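Please keep the structure in view while reading.

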Amino acid sequence: MAQLNTGALQWPNDATLSLIQYRRLYQRFFCTTAIHDQKVIWNHISQNINNDHQNFAPTKRQCRNKWNALKSGYENLKRLLSRNPEGFPTHTPTLHDERFHDELSDEFWLAETPVRAARRNRVDRRRYEYRERRRSRSHHRHERRRSRSHHRHERRRSYSPYPRHRHRH
């Protein structure tokens with residue numbers, strides 16, 4: 001029976017291992033590069049894999065997709081091995097999930113360089129301060145409005161709804 005071509009790229013084990021090794025090698029660049037600029041890094045990785053494996057030529061997009069699938073499969077298998085205490089949905093692991101679990105077990109992609117962490121903290125601090133300033137301004141504006149409307153309401157209460165008729169009797 002003929003196999004259906006689903007368009008999915010079948011990654012050989014040696015090319016998958018190369019992908020993990022190159023991704024590990026370029027980790028510091030991923031940490032210091034904005035996500036939308038990481039295409040260049042994925043391009044380098046795909047070229048390196050193309051050079052290492054003559055009969056296998058993945059694109060930068062296929063490399064990124066395979067990497068994301070590997071991470072997802074690793075997380076899934078990790079949950080299954082720990083009996084899934086958080087109750088996340090799981091699925092049956094693939095052969096690549098099992099084969100490369102040990103290679104990914106140090107979770108190197110989660111490590112941040114000190115520069116990136118400092119930059120993120122500085123950005124987070126600025127965002128927090130900005131939000132607090134906006135909240136504070138908004139709060140003061142709201143209080144002033146409430147005070148003015150309260151004052152108007154009090155002023156209205158002190159007068160008759162029909163001021164012209166009040167003193168005519």
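The expected span of a helix is 1.5 Å times one less than its number of residues. Helices here are DSSP runs (H or I, at least four residues), numbered from the N terminus. For the 13 residues of α1 this gives 18 Å, which agrees with the 18 Å between its end C-alpha atoms.

The model is predicted, so local features need pLDDT of at least 70 and side-chain atom pairs pLDDT 80 or more, while totals for chains, interfaces and linings use all residues. Residues are numbered from 1 along each chain as its sequence is written, and side-chain values use heavy atoms, without hydrogens or water.

Helix α1 (residues 13-25) packs against helix α4 (residues 60-81) at about 90°, with the axes 11 Å apart; axes are lines fitted to C-alpha atoms over the stretch in contact, and angles run from 0 to 180 degrees between N-to-C directions. The two helices are therefore roughly perpendicular, a term for angles of 65 to 115 degrees. T16, L19, I20 and R23 of α1 meet C63, K66, W67 and L70 of α4, where contact means heavy atoms within 4.5 Å.

Beyond its neighbours within four places in sequence, L19 contacts W11, W42, I45, I49, C63, K66, W67 and L70.

How values were computed: Angles under 35 degrees count as roughly parallel, over 145 as roughly antiparallel, 65 to 115 as roughly perpendicular and the rest as oblique.
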